[in-house]
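User: I'm just starting out with protein models. Please take me through this one, question by question.

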Amino acid sequence: GAPYIAGQPNEIRVVTWNAEGYIASRGEVRTWTPTGTTKTNDPQLYAIVAGVSNYSSPDIALRFPDKDAADIAQAIEVGAKRLFGAEGAHVTLFNTSGDARAIAPRKANLKKAFEEIARKARPWDIFVVYLAGHGTGQAGSDSYFYLTQEARGFNDLEDPAVRAQVAISSDELTDWIKQVPALKQIMVLDTCAAGQAAIKLVEKRSVSGAQIRAIERLKDRTGFHVLMGSASDAVSYEASQYGQGLLTYALLQGMRGAALRDGEFVDISPLFQYAADQVPRLAQNIGGIQRPLVAAPRGTSFDIGRLDKGDKEAIPLALVKPLILRPVLINPDEGTDNLGLMPALRRNLNEESFVGTRSFKGNTQTLVYVDADELPGAVRPSGTYTVEGQKVNVRLFLTRDGQKIGPLPVEGLVNDQSALVSRITEVIKAAIRQLKN
């Protein structure tokens, strides 16, 4: 029942695993040419592109996956239309932005999309899967899990009944993928492992051995080219100066010209290798992110798009955003932050980091807040304030790697702290432009 192309050589690879699932053979390859003929001069590309920023619980919300998915979908569609024609590019976007182009990334919706492509695709077509958001393993399991929009937290993975409703396992992915007859297949997992479940699994590694085995088996059982990038913790994943996941940024950078074959073709092997090499460089000032995993069938590669000069310019690529550290504001007369300006400012800065990544309403993200005290290259807001009746006077300083500007005066009222915190945020945004790179 496996898909094949009649009248042309078809490569068959057999890979064996030991019973425990941690050793695999290199694989034996044979070529088989079945009788008959097949017209294969009109290949098409099908893509499922999903990103989840907003889950059922805000406790596990992420900044970048919605935008990552939208940007990758646009890049894939632009390249595929140039290579396969407008009728040959089929890209379906799933994210939680509320954008009219996107479908909600719920498990049932994603499963339905796989089933629809399984009915339409042919052996000579190309199938691309891109998943961004929370991805992790589970204690005692060699499976990889991608959390869908319904998820409330990583504890959902502990209950099999709940897990079946809020996560897609690598075994399910394998089953869904095997129903798609397209023989050229690609998967990108730009996911973040976070929470106690991830801490137990990764143990200071960006990808656990169990997850690697799960992805390797998926590759062997489906023939997928897999690129998996994972941060070891939520802070390193979210603290991207580029306003999106680092793996996605590297892929977009490659497609804009840095990793194109002959300057125009999106060849999957050099693109994946470029991204794997580039992510550690992009992350050098963030920490906690290791080299992405590339799992690909030996000796095979193919093009998924073609880009001319105008196409490249249509691929979105974010500018570098300044990183803002946890602020410190003290009333010296009281020896503490008696007005509670620090937690309010932290919330405001964090929300500012979400602007432009959660929606497509034209808002622009100008900074990325990192809930940490130290980070090379990041800006640290600090200062003091005094209270005179209802009037609050703030003396604000910004420091980055020894550079300091200030004091920057900000005034407000005790009974309107929301407006005061908003003014402090605007002063920070304006002042960071004065700090030299």
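Analyst: First, accessible areas come from the Shrake-Rupley method with a 1.4 Å probe, and for residues only the protein chains shown count as cover. This is a predicted model, so local features need pLDDT of at least 70 and side-chain atom pairs count only at pLDDT 80 or more, while totals for chains, interfaces and linings use all residues. Residues are numbered from 1 along each chain as its sequence is written, and side-chain values use heavy atoms, with hydrogens and water left out.

User: What percentage of the chain's accessible surface belongs to carbon and sulfur atoms?

Analyst: The accessible surface of the chain is about 19500 Å². The part of that surface belonging to carbon and sulfur atoms is 48%.

User: And what percentage of the residues is buried?

Analyst: Buried means under 20% relative accessible area, exposed means over 50%, and partly exposed is in between (1.4 Å probe, protein chains only). The chain has 437 residues. The buried ones make up 53%.

User: How many helices and strands are there?

Analyst: Helices (H or I, at least four residues) and strands (E, at least two) are DSSP runs, numbered from the N terminus. In this chain they come to twelve helices and 18 strands.

User: How far apart are the end C-alpha atoms of helix 8?

Analyst: The expected span of a helix is 1.5 Å times one less than its number of residues. Helix 8 has 13 residues, and a straight helix would reach 18 Å. Ten of the 13 residues in helix 8 are buried. As for the ends of helix 8, they fall short of the straight-helix span, at only 15 Å.

User: How far does helix 9 reach from its first C-alpha to its last?

Analyst: Helix 9 has 15 residues, and its reach is close to what is expected at 1.5 Å a residue. Its buried residues include Ile-268, Leu-271 and Phe-272. From first C-alpha to last, helix 9 reaches 21 Å.

User: Which residue meets Lys-107 in a salt bridge?

Analyst: A salt bridge is a side-chain nitrogen of Lys or Arg within 4 Å of a carboxyl oxygen of Asp or Glu. Side chains of opposite charge can pair when their charged atoms come close. Lys-107 in helix 2 has a partner 65 residues away, in helix 4 (residues 170–178). At 2.9 Å, N to O, that partner is Glu-172.

User: Is Lys-107 buried or exposed?

Analyst: Contact means heavy atoms within 4.5 Å. Leaving aside neighbours within four places in sequence, Lys-107 is in contact with several residues, among them Thr-148, Arg-163, Ala-164 and Trp-176. The relative accessible area of Lys-107 is 9%, so this residue is buried.

User: What is the distance, N to O, between the side chains of Lys-67 and Asp-71?

Analyst: Lys-67 and Asp-71 are separated by about one helical turn because they are four residues apart in helix 1. Both Lys-67 and Asp-71 are buried. Their side chains meet in a salt bridge, with an N to O distance of 2.7 Å.

User: Which residue's side chain makes a polar contact with the side chain of Asp-303?

Analyst: A polar contact is a pair of N or O atoms within 3.5 Å; within protein, one must be able to donate a hydrogen and the other to accept it, and residues adjacent in sequence count only if both atoms are side-chain atoms. Asp-303 sits in strand 12 (residues 303–306). A network of salt bridges links Arg-261, Asp-262, Asp-267 and Asp-303. The polar contact of Asp-303, at 2.3 Å, is with Arg-261.

User: How many salt bridges are there in the whole structure?

Analyst: One more example is the pair Arg-261 and Asp-262, at 3.4 Å, N to O. Asp-262 is exposed, with a relative accessible area of 62%. Searching the whole structure, the number of salt bridges comes to 21.
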